Amino acid sequence: MYDVAIIGTGPAGISAALTLKLRNKNILFLGQESLSPKIQKAHLIQNYPGLPAISGEKLQKAFTEHLAQMEIGITSDSAKMIYAMGDYFSISGTKQSQPYQAKSLILATGVNAPQTIPGEKEFLGRGVSYCATCDGFFYKGKTIGVVAQGTESIEEIKYLAEIAQKVLLVADFAPDQHGFSLPQNVHLIEEKIEKIEGSQKAQKMVCTSSAFEIDGVFILRQNVDLQVLVPGLACGDGFITVDKNMQTNIAGCFACGDCTGKPFQYAKAAGEGNIAAHSACTYLDAQKQALQQAKN
């Protein structure tokens, strides 16, 4: 059980992690070990305090060195589903069967909003899933569709192939070019998916020129719609709704950085990450005090 789980390794998440480390909190820092790819691609950053006219590549290096100096490790995984369980959060990742658990949560996911497939949201929880390790066992011995975006999904495809009788795979990459030899029960469909259809649940995967009967479909992508990622999370205009303390509408859940809205600036993200971390500490202290009072 971690004190705080931070989702996202951009400037906001890094700022939160540094502050929490200084506050002696046990943190789960979940995301890409290489940090945010947006940082590295930035040509020149001129408004980050103390680092005038720095390139994104150099800023990324500075972030990496700072994390190493503070002995803050990154768990290289993607959060697929996060559930508020009352006094803790359950976080389903892609690389282990058991969910991570944390007493509080900081969302620093950025704004990489995915383009959804028609029928995707309508059938969520009714044949559409984002997490292989969470829901794969429901489809043991059945026919499933898999829409894979990015090579990070290869391990999940392998896992689903072990469970399902047949896997109909639509991927935006060539598996064989990435050393992935398809199991016999995995059939590569070299078309684009157009929509997901069904009556009460997802029953058909409609592609460019063909339609396939399925018992369910797994959509494996790095980025998940925020309100899907955290059920019940309040959002507006595609951004997480927060107050001045970076508190969301869910107790113990905070958000910071680009996912809270404009301006999309590294300095703003770092500041919000610091606030979110302090707010998480205040929340944890209040929870601890309430628990002690209940015992007395």
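**Reading strands and backbone angles**

Q: In β13, which residue is the bridge partner of M205?

A: In this predicted model, M205 has F212 of β13 as its bridge partner. Strands of a sheet pair through backbone hydrogen bonds, either parallel or antiparallel.

Q: How many bridges join β12 to β13, and do the two run parallel or antiparallel?

A: Strand β12, residues 202–207, is joined to β13 by 3 bridges. The two strands run antiparallel.

Q: In what order do the strands of the open sheet lie?

A: The sheet is built from 3 strands, with antiparallel pairing, in the order β11-β12-β13. Its edge strands, β11 (193–198) and β13 (211–213), each pair on one side only. From one strand to the next, the twist averages 25°.

Q: Which residues does the cis peptide bond join?

A: Most residues other than glycine have a negative phi, and most peptide bonds are trans. Here a cis bond links K262 to P263, with omega at about 0°. P263 belongs to the loop between β17 (253–255) and α7 (266–295).

Q: What is the phi of N24, and where is N24 found?

A: N24 is not glycine, yet its phi is positive, near 60°. The residue sits in the loop between α1 (11–22) and β2 (27–31).

Q: Why does N24 count as exposed?

A: Exposed means over 50% relative accessible area. N24 counts as exposed because its relative accessibility is 70%.

Q: What is the phi of A53, and where does A53 lie?

A: A53, also a residue other than glycine, has a positive phi near 50°. Its place is the loop between α2 (37–41) and α3 (56–69). With 48% relative accessibility, A53 counts as partly exposed.

Conventions: Residues are numbered from 1 along each chain as its sequence is written. This is a predicted model: local features need pLDDT of at least 70, side-chain atom pairs count only at pLDDT 80 or more; totals for chains, interfaces and linings use all residues. Side-chain values use heavy atoms; hydrogens and water are left out. Two strands pair if DSSP finds at least two bridges between them. Helices (H or I, at least four residues) and strands (E, at least two) are DSSP runs, numbered from the N terminus. Axes are lines fitted to C-alpha atoms, for helices over the stretch in contact, and angles run from 0 to 180 degrees between N-to-C directions. Buried means under 20% relative accessible area, exposed over 50%, partly exposed in between (1.4 Å probe, protein chains only).
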